[in-house]
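Hi there,

Here is the structure I promised to pass on to you. Have a look at it first, and my notes follow below.

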Amino acid sequence: MTLTKRLLLLALISVLPAIVIWTYTEVSLRRAREAEVNDLAVRQAQLVGAEIERIFDGVQGLLLAIDETQSIRNFDTAVCSPYLKAIQEKVPYILSFVAMDISGHIRCRPTGTIDTQHYYADRPYFHNALGQKGFVVGEYTPAFEEGGLGRHPVLPLALPIWNDRGDVVGVLAAALDLRWLSEKLKERTVPENGSVTVADRNGIVLVQEPQPERFLGRLLPQEFMAQAKAGEAITAQSTIPDGVRRVLAHVPLQLPPRDIYVNVGLSTKAAFAGINQAAQRGFMLITAALILALSLSALLSRAFITKPFEMVTDGIQAWRRGDYRARIQLPRKSGEFSILAKAFNDLMDDVAERQQALQLSEERARLALEAGHMGTWWYDPDKDAGGWSPQAAAMIGLPEAMATMNPRDWVGILHPEDADRVIEKWRAAVRSRGDYEDEYRIRDKNGNIRWINSRGRVFLDTQKRPVYFVGILHDITEQKHAEEQQRFFLNELNHRVKNTLATVQSIASQTLRTTESPGQFREAFEGRLLALSKTHNLLTRQSWREAELRDVAEQELAPYRKAGDARVVLEGPDVKLPARYAINLGLVLHELVTNAAKYGALSTNVGHLEVAWSVIESEDRPKQLRIRWSESGGPPVAPPKRQGFGSRLIRRSIEGELGGYMVLNFAESGVAYDISVPLTPPASAAA
């Protein structure tokens with residue numbers, strides 16, 4: 001973690017107690033307010049219940065007064081109906097009064113009509129009034145037909161009718177207007193942004209604010225039904241019925257007013273508005289304090305920490321980039337950073353002197369390694385990583401900037417025939433805790449083979465465990481090629497001496513067959529020997545650097561050509577051959593000429609030889625030199641039973657040294673060679 005981040009963290013920690021205190025205060029206030037709101041909702045619900053109970057008490061008193069009227073007890077329709085009408089007109093919240101006999105027939109009502117045809121004894125309030133012999137609250141009734149009313153929601157309230165002897169002779173009922181009740185409760189008890197729900201004993205909604213038209217006469221939601229059957233007043237939060245979040249207080253059916261369920265809701269938004277505003281102000285103050293603290297910390301960190309630190313690191317980075325004269329210059333009164341800068345400057349002065357001495361030493365070592373075609377390598381077993389110097393990387397065909405390599409990648413460039421032996425020798429050096437030396441072949445990215453001599457030393461820790469390896473790589477490819485070339489030329493010299501003797505014998509034999517006198521024989525024989533000598537002189541004069549292909553061919557074929565003789569035909573453009581091409585093609589032509597003189601077309605007087613060459617250019621491959629050697633008119637041709645040194649020399653020179661290919665055809669008319677070599681030599685040939 002950076003110093004700036006640590007300073008900002010300290011500033012944050014300094015504000016943290018205020019945040020904790022604010023959070024604790026906020027939680028405490030909310031809990032206290034929540035308890036207060038719950039208590040307020042219960043009191044509000046009880047207030048609604050008390051208001052309903054007051055209305056019911058008023059209706060009960062009115063019914064008791066009516067019940068004492070003689071015309072009602074006697075069911076004197078002519079008198080009781082006008083009486084009920086007069087009372088109903090004075091009590092607008094009662095839509096109708098009705099007096100029924102014990103059988104449920106209508107005997108008195110404000111309309112003045114008597115209904116003895118219909119029985120209303122099936123009404124719940126009728127049964128309850130007769131059963132309880134007291135005041136009862138009915139159930140939601142959408143249409144009070146017994147009162148002669150149309151469709152209008154009412155709540156029946158009933159009281160038994162007693163005669164003078166104290167016997168129950170009927171039921172007196174009053175239809176309480178539910179719309180009036182809703183407006184009354186809304187006016188007196190519904191809080192702002194609050195709700196009131198009143199339902200009968202069956203859970204049918206009698207009063208609902210807000211949205212009365214939507215819920216009136218409907219069954220309570222299942223959540224409210226469970227609360228209606230509870231044993232005590234309880235509170236809960238819900239979004240029923242209109243989607244607004246409220247604290248709801250439920251007064252169940254068992255509590256006053258009995259058989260009536262009351263639910264009052266207080267808006268949580270309104271209830272917690274003051275706390276939310278205070279919390280918002282507190283949060284803004286803490287946020288402002290935190291931002292101010294962090295800003296001041298950032299500014300102070302920039303001035304007193306970050307800027308001096310950047311100056312220190314810039315000086316170090318400049319020194320690492322090679323500017324050894326770079327030093328750290330801090331302003332005065334930088335405190336501990338001044339001490340740190342002085343220590344770094346002193347260290348830089350000391351290291352610069354050592355670096356200069358080390359650079360001179362490394363330069364001398366580098367020049368020595370380059371002169372000796374050598375490079376250094378290293379390996380760290382703990383990190384399982386290794387690498388080499390730029391000279392060593394270039395030596396094995398890798399970019400000089402590639403200073404490191406995974407050991408498994410190094411094993412991958414080893415020649416398959418040498419890999420197991422090299423790895424085992426490496427392990428043996430580790431086990432013996434001594435020096436390491438080995439010679440092996442590697443394959444570079446182009447597939448070329450190079451010979452490497454590797455020497456190193458194992459460094460051990462105090463517990464005799466290998467901790468580091470260093471060594472030197474020496475490219476001995478040229479040395480190996482020189483040794484191989486030396487062996488090759490020794491074999492070639494031996495073979496050439498034999499071929500030369502055979503050639504001399506063939507020249508002598510052919511000359512003897514074609515001359516008529518010893519003088520002619522001597523002249524022809526000496527001329528052919530001289531031509532053979534000129535072929536060798538041509539290679540010697542060119543110092544193995546460059547020669548014309550035609551000169552090489554003519555010198556080799558000169559002993560077998562005479563002026564005006566068409567037996568040997570040379571045809572092709574001028575082609576300058578590099579030294580290696582001249583050497584190898586000279587050897588190849590010498591072998592072909594020797595074979596032709598010993599066994600082919602040049603071994604008879606009627607044989608014919610045609611040597612033709614051409615240069616073929618292509619965009620996708622190097623220029624190709626095509627040589628066609630065609631013999632005819634010689635002895636019958638048959639494939640040899642074994643391959644002699646000459647045949648191996650020809651194939652090795654074409655395919656191995658020059659990177660070309662050769663097709664040999666033993667036709668009945670005479671042997672034919674098709675040879676193709678690239679004029680741009682491959683890396684192996686150039687080496």
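The buried residues of helix α13 pack against α12 (407–413), β15 (435–443) and β16 (449–460). Please keep in mind that this is a predicted model. The buried residues in question are D418, A419, V422 and A429. Viewed down the axis of α13, they fall within an arc of 115 degrees, so they line one face of the helix. D420, R431 and S432, on the other side of α13, are exposed. The length of α13 also checks out: its 17 residues (416–432) should span 24 Å at 1.5 Å a residue, and the end C-alpha atoms are 25 Å apart, which agrees.

Next, a sheet. Five strands form an open sheet in the order β8-β7-β11-β10-β9, with antiparallel pairing. Because β8 (205–209) and β9 (234–238) stand at the edges with a single partner strand each, one side of each has no neighbour in the sheet. On average, neighbouring strands here are turned by 15 degrees against each other, direction ignored. Four bridges join β7 (residues 195–199) to β8 in the antiparallel sense, and A199 has V205 in β8 as its bridge partner. Helix α5 (residues 178–188) lies across β7 and β8, at about 40 degrees to β8.

Finally, a residue in helix α17 (residues 579–598): A596. With 1% relative accessibility, A596 counts as buried, because the cut-off is under 20%. Leaving aside residues up to four places away in sequence, A596 touches A601, L602, S603, W629 and E631. The C-alpha atoms of A596 and L609 are 8.6 Å apart, with the two residues 13 apart along the chain.

Best wishes

Technical notes:
Residues are numbered from 1 along each chain as its sequence is written. This is a predicted model: local features need pLDDT of at least 70, side-chain atom pairs count only at pLDDT 80 or more; totals for chains, interfaces and linings use all residues. Side-chain values use heavy atoms; hydrogens and water are left out. Helices (H or I, at least four residues) and strands (E, at least two) are DSSP runs, numbered from the N terminus. The expected span of a helix is 1.5 Å times one less than its number of residues. Buried means under 20% relative accessible area, exposed over 50%, partly exposed in between (1.4 Å probe, protein chains only). The arc is that of the directions from the helix axis to the C-beta atoms. Contact means heavy atoms within 4.5 Å. Two strands pair if DSSP finds at least two bridges between them. Axes are lines fitted to C-alpha atoms, for helices over the stretch in contact, and angles run from 0 to 180 degrees between N-to-C directions.
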